[in-house]
Amino acid sequence: MSDRARADFQLRREALERRMQESSDNSQRLVEESLHVGAATADELYRQGEVLDRTERRLDDIEDDLKTTRHHIRGIKSIFASLFSRSPKHEGKVEEAPLGEERSERLDTSVVREKADLMWETSGSEDPVERNLEGVSRGLDQLKVVAEALGNELDRQKPHIERITEKTTRVDDQIRDQDRQIRKILKK
């Protein structure tokens with residue numbers, strides 16, 4: 001091989017190595033960004049779960065208040081019908097799962113953040129491309145864990161949302177019925 005051919009080969013090889021290094025740097029950067037997005041998503045899902053918990057508890061309280069209101073409406077009807085007042089009976093509250101149990105099933109966002117931070121520990125390899133590829137591989141493994149955790153949290157929240165939808169429909173129906181009853185009483 002001539003000197004010129006060797007020089008051309010060496011230049012092409014160096015250019016290829018630079019592109020490989022740039023590509024592996026970019027891949028590593030993208031995986032790191034994805035892990036941070038995953039951690040932020042985990043935080044948001046956790047907050048969303050807290051909101052769902054509060055919403056469901058408030059709907060339970062509203063249902064209890066509507067039961068009391070229903071008794072008051074019966075009392076008012078009774079007053080108008082026979083001038084006799086009845087005190088409302090208080091029905092028991094619907095038992096909820098203890099909040100601690102729900103939280104134990106929840107996505108632990110600190111673990112997600114730890115995984116994102118631990119990803120970039122360096123290996124013993126001196127080749128920067130090899131180190132980047134090892135980091136990308138570890139990062140992809142961790143992204144898989146984060147994705148599974150996010151999927152589990154979404155699966156946990158789905159029945160919660162379904163219960164809230166059912167309770168909201170039931171509460172709305174009760175409010176409409178009680179409103180109709182009160183309007184009927186007031187017309188008498």
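**Salt bridges between and within helices**

Hi everyone, let me start with R180, which at 46% relative accessibility counts as partly exposed; that label covers everything between buried, under 20% relative accessible area, and exposed, over 50%, using a 1.4 Å probe and protein chains only. Before going on: this is a predicted model, where local features need pLDDT of at least 70 and side-chain atom pairs count only at pLDDT 80 or more, while totals for chains, interfaces and linings use all residues. Residues are numbered from 1 along each chain as its sequence is written, and side-chain values use heavy atoms, with hydrogens and water left out.

Back to R180: its salt-bridge partner is D177, with the closest N and O atoms 2.5 Å apart. Here a salt bridge is a side-chain nitrogen of Lys or Arg within 4 Å of a carboxyl oxygen of Asp or Glu, and the count by this rule is 10. D177 is partly exposed too, at 31%. Both residues sit in helix α4, three residues apart, about one turn of the helix. Helices are DSSP runs of H or I with at least four residues, numbered from the N terminus.

Salt bridges with shared partners also tie E56, D60, R163 and K167 into one network. Which residue pairs with D60 in a salt bridge? That is K167, with a closest N to O distance of 2.6 Å. This pair links distant parts of the chain, K167 in helix α4 and D60 in helix α1, 107 residues apart. K167 also meets E56, at 2.9 Å from N to O, and that pair spans 111 residues.

Buried or exposed, then, for K167? Buried, at 10% relative accessibility; E56 is buried at 9%, and D60 at 6%.

Methods: Helix = DSSP H or I, 4+ residues; strand = E, 2+ residues; numbered from the N terminus.
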